[in-house]
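Q: Hey, can you walk me through this one? I'm new to reading structures.
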Amino acid sequence: LSEFLRAYGQKVKASTVLIRAFRNDGTGGTGTGFFAGKPGYLVTNAHVVGYSRSEGIRKPDKIEVVIDS
């Protein structure tokens with residue numbers, strides 16, 4: 001079981017990325033995401049890229065994805 005978990009953990013770590021979202025007004029945020037599916041979709045939470053219910057929709061002007069290989 002521990003070998004399975006170790007191998008699975010390596011796969012998950014390899015697909016996890018840091019996401020930084022920036023707006024021209026200087027606001028923004030960071031969070032994590034992961035690649036999924038055959039075409040390599042990037043999946044994250046809406047609040048990471050600026051979609052929050054309390055603030056309404058505020059699209060980021062720039063999104064940076066950091067991949068640590």
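Q: So which order do the four strands of the open sheet come in?
A: Bear in mind that this is a predicted model, where local features need pLDDT of at least 70, side-chain atom pairs count only at pLDDT 80 or more, and totals for chains, interfaces and linings use all residues. Residues are numbered from 1 along each chain as its sequence is written, and side-chain values use heavy atoms, leaving out hydrogens and water. The order is β3-β2-β1-β6, with antiparallel pairing. Strands here are DSSP runs of E, at least two residues, numbered from the N terminus, and two of them pair if DSSP finds at least two bridges between them.

Q: Which strands stand at the edges?
A: β3 and β6 (62-66) do, and each has a single partner strand, so one side of each has no neighbour in the sheet.

Q: Over how many bridges do β1 and β2 pair?
A: Seven, with β1 covering residues 16-22 and β2 covering residues 28-36. As one example, L18 has T32 in β2 as its bridge partner.

Q: Okay, helix time. Where does α1 lie?
A: Helix α1 (residues 2-15) lies across β1 and β2 and runs at about 25° to β1. A helix is a DSSP run of H or I, at least four residues. The angle is taken between N-to-C directions, from 0 to 180 degrees, using lines fitted to C-alpha atoms, for helices over the stretch in contact, and contact means heavy atoms within 4.5 Å.

Q: How many salt bridges does the structure hold?
A: One. E3 forms a salt bridge with R6, and their closest N and O atoms are 2.8 Å apart. The term means a side-chain nitrogen of Lys or Arg within 4 Å of a carboxyl oxygen of Asp or Glu. Both E3 and R6 lie in helix α1, three residues apart, which is about one turn of the helix.

Q: And E3, buried or exposed?
A: Exposed, at a relative accessible area of 51%. Buried means under 20%, exposed over 50%, and partly exposed in between, with a 1.4 Å probe and protein chains only.

Q: What about R23, buried or exposed?
A: R23 counts as buried, because its relative accessibility is 14%. R23 lies in the loop between β1 and β2. The C-alpha atoms of R23 and K62 are separated by 6.6 Å, although these residues are 39 apart along the chain.
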